[in-house]
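We will walk from one stop to the next.

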Amino acid sequence: MAVDPLFLVGSLVCLVSVVLCIGAAVLKQGPNDLTILSAAAVELFLLVYGAASLLRLAGGQGIAGAAWEFWGYLLTALIIPVGAVWWSLMDRSRWSNIVLSAVGITVFVMLFRMEQIWDGATLL
């Protein structure tokens with residue numbers, strides 16, 4: 001089974017977001033355009049991932065696992081960056097960058113699980 005290129009792109013987007021946000025926190029900076037936009041990039045990726053998933057379904061490729069679980073993960077993942085950005089706009093301390101870094105980590109784990117569901121892999 002080959003690795004989905006969209007999963008690789010999502011992993012890279014999440015990694016870059018985590019590195020930028022943790023880097024800003026280590027440098028004792030508050031949330032800035034770069035860290036907030038990195039969380040927005042994760043959100044944009046998730047929107048593209050959702051659209052690509054719909055196209056794959058329309059093209060006849062089905063979800064091997066439970067469809068409700070896949071879409072539940074995706075909808076939940078879409079909420080996470082929005083909540084973190086809202087948090088960072090309300091709390092301008094450097095600790096908000098740690099909250100923003102949680103976006104990349106959390107979404108990566110959820111993306112990994114969505115790929116397992118799509119391919120019909122079981123949990124370990």
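Here is a short tour, with what to select at each stop.

This is a predicted model, in which local features need pLDDT of at least 70, side-chain atom pairs count only at pLDDT 80 or more, and totals for chains, interfaces and linings use all residues. Residues are numbered from 1 along each chain as its sequence is written, and side-chain values use heavy atoms, leaving out hydrogens and water.

**Stop one: the annotated spans.** Select residues 6-27, 34-58, 70-89 and 96-114, which an unreviewed UniProt entry annotates as "transmembrane region"; such annotations may be inferred rather than shown by experiment. Residues 70-89 are 100% helix, with end C-alpha atoms 30 Å apart. Residues 96-114 are also 100% helix, and their end C-alpha atoms lie 27 Å apart.

**Stop two: a helix pair.** Now select H2 (residues 33-58) and H3 (residues 67-90), which pack at about 165° with axes 9 Å apart. The two are therefore roughly antiparallel (an angle over 145 degrees).

**Stop three: Asn97.** Finally, select Asn97 in helix H4 (residues 95-119). Is Asn97 buried or exposed? Asn97 counts as buried, because its relative accessibility is 0% (buried means under 20% relative accessible area, with a 1.4 Å probe and protein chains only). Leaving aside neighbours within four places in sequence, Asn97 contacts Cys21, Ala24, Ala25, Gln29, Gly30, Pro31 and Thr35. Show Gly23 as well: Gly23 is 74 residues from Asn97 in sequence, yet 8.6 Å away, C-alpha to C-alpha.

Conventions
Axes are lines fitted to C-alpha atoms, for helices over the stretch in contact, and angles run from 0 to 180 degrees between N-to-C directions. Helices (H or I, at least four residues) and strands (E, at least two) are DSSP runs, numbered from the N terminus. Angles under 35 degrees count as roughly parallel, over 145 as roughly antiparallel, 65 to 115 as roughly perpendicular and the rest as oblique. Buried means under 20% relative accessible area, exposed over 50%, partly exposed in between (1.4 Å probe, protein chains only). Contact means heavy atoms within 4.5 Å.
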